Amino acid sequence: MENAPVDRRRIRRGRIATSLAFLLFGTALGVWTARIPAVKEKLELSDGRLSFALLAFAAGCIVGMALLGRLTDRFGSTRVLIPSAILEGVLLVLPGYSDTLVVLSVALFFFGATHGTLNIAMNANALEVQRAWGKPIMSSFHAIYSIGGFLGAIVGSFFARSGASVGTTFLTVGAGVLVLAVWAALWVLPAAGAPEAAAGSPAAEQGPSRRSLLLIFFGVLVLCTLVGEGAAADWSAVYLRDNLETSPGFAAYGFAAFSIMMTVGRLFGDRLVRALGPVTLVRLSGALAACGLGAALLVHHPVAGVVGFGLLGAGLSCIAPQVYSAAGNQDPSRAGRALSTVVSIGYLGFLFGPILIGAAATVVGLPSALWIPVVLAVFVAAGATAMRTPSRAGEKQDNAPVPSAGVER
């Protein structure tokens, strides 16, 4: 009994440490994105040459998520999380001091590989903290990631307005990321051996081939979600400005509404999953995203467009965290491998979704092309049933992941 308070404090600190990892992950990406125009100007790159550098970053992310992220199963999420978080701060600096396209591309590849590895490690660690906590808390971690993205964009814009070089920007933010990484290292939950699948668990009841197919399907669900995120990021302003004939300032409200509502949705996501269960929550979230954007496209009004993208963000906000939880809980001993599969497939949606919408827009127009994320959101709602935990004979089906031990808030 005397050790219980210590354990509770350790778990709370572990949650803070994992939250710091999500915060630095989002901040590093946000500040890099905000300063891409300055990097382009510094190296005098054309759009095509800049795309080559950005492709190197994307390739690094895929390598990190698909290959290096699996190291979490072998060494434990903590032993991968901390080095990756530290490297995130160090490697962020290198693109700011790159003086050629080749050097920039190499720097971005290694930054992307670290970024992708950290993505898997922090989500795997978040699942471990969630099991120890005893309640669904995955959405809160992703809300902090969204806040980190806002913070990074604001900091990057501040340095840009002040006339600071990209090197100074990345050096300053990289130092901040290192501070967060060291803090996380001090408080992170101790590394434990990978848990074995218990008898009667989903992993024990499913064969390897069926489990692999299920993880691929989970990846497709995340892919569909990230197509919507990519569509909002790349096409919301274009749709509002060109198709609804708004001013450039008003057109920016579309993505702003999407981002704000996505963050708000994730802040409330844990309460919603406890009340509804992950299957029902994902089903309703997909329906909200589809109905919100679909109605806006039908109304064809600037205000409706902003509201529609806001509802799209609210609907998509809770889907990926719950799918990640479902994937990682299939077999806790292979959570890193499961997340590598799901996140890697999903990331393809963010990379190629906007390209698909752009290609469709050249044929049928952007308003019609934006029905693609609407249809995909409907598919997510219909496919949510795959997340249902198989029930054993004589047991009541329970949608919600409810670990038995943990800390009550």
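Reader: Which helix holds both F250 and Y253?

Author: This is a predicted model, so keep that in mind throughout. F250 and Y253 sit three residues apart, about one turn of the helix. The stretch that holds both covers residues 248–276, and that's helix α11.

Reader: Is Y253 buried, partly exposed or exposed?

Author: Its relative accessibility comes out at 48%. Exposed would need over 50%, and buried means under 20%. So at 48%, Y253 counts as partly exposed.

Reader: How many aromatic pairs turn up in the whole structure, and what kind of pair do W183 and W187 make?

Author: The search of the whole structure finds eleven aromatic pairs. For W183 and W187, the ring centres are 5.7 Å apart and the planes stand at 75°. Over 60 degrees is the cut-off for one class, so W183 and W187 are edge-to-face.

Reader: Where in the fold do W183 and W187 lie?

Author: They're four residues apart, about one turn of the helix. W183 is partly exposed at 38% relative accessible area, and W187 is partly exposed at 24%. The helix that carries both runs over residues 166–187, so it's α8.

Reader: Back to F250 and Y253: what kind of ring pair are they?

Author: Their ring centres are 5.4 Å apart, with planes at 70°. Planes over 60 degrees apart settle the class, so F250 and Y253 are edge-to-face.

Reader: Which residue lies over the face of W133?

Author: Look for a charge above the ring here. The distance to the ring centre is 4.7 Å, and the residue is R15.

Reader: How many residues of α6 are buried?

Author: α6 spans residues 101–133 and reaches 46 Å from its first C-alpha to its last, close to the 48 Å expected. Just after α6, G134 takes a positive phi of about 90°. The helix is mostly covered, and of its 33 residues the number buried is 25.

Reader: What is the phi of E44?

Author: E44 is found in the loop between α2 and α3. At 68% relative accessibility, E44 counts as exposed. It isn't a glycine, yet its phi is positive, near 55°.

Reader: And where does H300 lie?

Author: H300 has a positive phi of about 60° although it isn't a glycine. It counts as partly exposed, at 41% relative accessibility. As for its place, H300 is in the loop between α12 and α13.

Methods
Residues numbered from 1 in each chain as written. Predicted model: local features only at pLDDT ≥ 70, side-chain atom pairs only at ≥ 80, totals over all residues. Heavy atoms only, no water. Helix = DSSP H or I, 4+ residues; strand = E, 2+ residues; numbered from the N terminus. Expected span 1.5 Å × (residues − 1). Buried < 20%, exposed > 50% of the residue type's maximum accessible area, 1.4 Å probe, protein only. Phe/Tyr/Trp six-rings, centres within 6.5 Å; stacked < 30°, edge-to-face > 60°. Lys NZ or Arg CZ within 6 Å of the ring centre and 35° of its normal.
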